[in-house]
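Let's walk through this structure together, one region at a time. Keep the 3D view open as you read.

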Amino acid sequence: KLSGDDGPRLFVQMCVLAGCDYLESMKNIGLLSASKLILKFRLVSADNRVRAIVKHLNKQRPTDPVPDEYISRAMQAGACP
């Protein structure tokens, strides 16, 4: 169950992961993949959700990791408070 501001925050984070005007999407992550990842990690605090997703993706595809600067750029784009 979502509480308070979780719904809008999840939506913004999904949009940022899928790619937005402020940040390109991660490789092979579109709207469907982003929504699945956000829902999978919805119980992780909003502050740490994108970090947890990036860590998860880097474990899944170690030969094609997410760039180190992605999290800081996601924060600037509004995905992290």
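**A histidine between helices**

Start with His56, which is buried, with a relative accessible area of 17%; buried means under 20% relative accessible area, exposed over 50%, and partly exposed in between, using a 1.4 Å probe and protein chains only. Before going on, note that this is a predicted model, in which local features need pLDDT of at least 70 and side-chain atom pairs count only at pLDDT 80 or more, while totals for chains, interfaces and linings use all residues. Residues are numbered from 1 along each chain as its sequence is written, and side-chain values use heavy atoms, with hydrogens and water left out.

His56 sits in helix α3. Helices here are DSSP runs (H or I, at least four residues), numbered from the N terminus. Not counting residues up to four places away in sequence, His56 touches Leu37, Lys40 and Phe41, where contact means heavy atoms within 4.5 Å.

Now widen the view to the two helices. Helix α2 covers residues 31-40 and helix α3 residues 46-60, and they pack at an angle of about 115° with their axes 10 Å apart. Axes are lines fitted to C-alpha atoms, for helices over the stretch in contact, and angles run from 0 to 180 degrees between N-to-C directions. The pair α2 and α3 is therefore roughly perpendicular, a label for angles of 65 to 115 degrees. On the α2 side, Leu37, Ile38 and Lys40 meet Arg49, Ile53, His56 and Leu57 of α3. The residues of this contact divide into four nonpolar, one polar and two charged; Ala, Val, Leu, Ile, Met, Phe, Trp, Tyr, Cys and Pro count as nonpolar, Asp, Glu, Lys and Arg as charged, and the others, Gly among them, as polar.

Next, find the loop between α1 (6-18) and α2, where Asn28 lies. Is Asn28 buried or exposed? With 63% relative accessibility, Asn28 counts as exposed. Leaving aside neighbours within four places in sequence, Asn28 is in contact with Ser33 and Arg61.

Finally, look at the cysteines. A disulfide is a covalent bond between the sulfur atoms of two cysteines. Searching the whole structure turns up zero disulfides, counted as pairs of cysteine sulfur atoms within 2.5 Å.

Conventions: Parallel < 35°, antiparallel > 145°, perpendicular 65-115°, else oblique.
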